[in-house]
Amino acid sequence: MKLSQLTTQQLADVLVRLTPPLCRILRDEATLAALDDLSFTALDAQPPLCAASRLWEKLVPVILQHHAEDFYAALSVLTEKTPEQLRQQSGLTTITDLISVWDRELTAFFTSAGSAAQERS
């Protein structure tokens, strides 16, 4: 499922289901501490692979150790698989699912929106 390809009604339905697990992850003190350790300005200046590895190093352990259920709930919404199906499938299939839901168009939209906001300030 690519969020950028959904109708407005479909997107609203997905966001209603996706918001609770994502907010639980983002409000967690461990997640906030991991994000505080990252300088997003410095990440932008790094090669993409280095920036991705720093994000991975800081966030993945926190999310999987403290918010596995929220992770499965969010991924379930995006893949249209149940959390139990996700738990039982192979790790490679889960990685493929994560890649398939990564929406480059939506990422580009938010990146350009963020850049425009920085230019205005």
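User: How many helices and strands are there in the protein chain?
Analyst: This is a predicted model. The protein chain has eight helices and zero strands. Along the sequence the pattern reads α-α-α-α-α-α-α-α.

User: Where in the protein chain is confidence lowest, and where is it highest?
Analyst: Helix H8 (residues 104-120) is lowest, with a mean pLDDT of 58. Helix H6 (residues 83-88) is highest, at 96. The chain average is 82, and 79% of the residues score at least 70. Where pLDDT is low, the predicted coordinates should not be read in detail.

User: Why does Ile95 count as partly exposed?
Analyst: Its relative accessibility is 47%. Buried means under 20% and exposed means over 50%. The value for Ile95 falls in between, so Ile95 is partly exposed. Ile95 sits in helix H7 (residues 91-101).

User: What makes Leu92, Ile95 and Ile99 a patch?
Analyst: These residues form a nonpolar patch on the surface. Patch residues need over 30% relative accessible area, and nonpolar side chains are joined within 5 Å. Ile95, at 47%, clears that area cut-off. Together, Leu92, Ile95 and Ile99 have about 340 Å² of accessible area.

User: Why is the pair of Phe71 and Tyr72 called edge-to-face?
Analyst: One aromatic pair turns up in a search of the whole structure. In it, Phe71 and Tyr72 lie 5.6 Å apart, centre to centre, and the limit for a pair is 6.5 Å. Their planes make an angle of 65°. Over 60 degrees counts as edge-to-face, so the name applies.

User: How do you know that the charged end of Arg87 sits over the ring of Tyr72?
Analyst: That charged end is 4.7 Å from the ring centre. The distance cut-off is 6 Å, so 4.7 Å passes.

Terms used
Residues numbered from 1 in each chain as written. Predicted model: local features only at pLDDT ≥ 70, side-chain atom pairs only at ≥ 80, totals over all residues. Heavy atoms only, no water. Patch = residues over 30% accessible without salt bridge, like charges linked within 9 Å, V, L, I, M, F, W, Y side chains within 5 Å. Areas by Shrake-Rupley, 256 points an atom, 1.4 Å probe, with all protein chains shown as cover. Salt bridge = Lys/Arg side-chain N within 4 Å of Asp/Glu carboxyl O. Helix = DSSP H or I, 4+ residues; strand = E, 2+ residues; numbered from the N terminus. Buried < 20%, exposed > 50% of the residue type's maximum accessible area, 1.4 Å probe, protein only. Phe/Tyr/Trp six-rings, centres within 6.5 Å; stacked < 30°, edge-to-face > 60°. Lys NZ or Arg CZ within 6 Å of the ring centre and 35° of its normal. pLDDT = per-residue confidence, 0-100.
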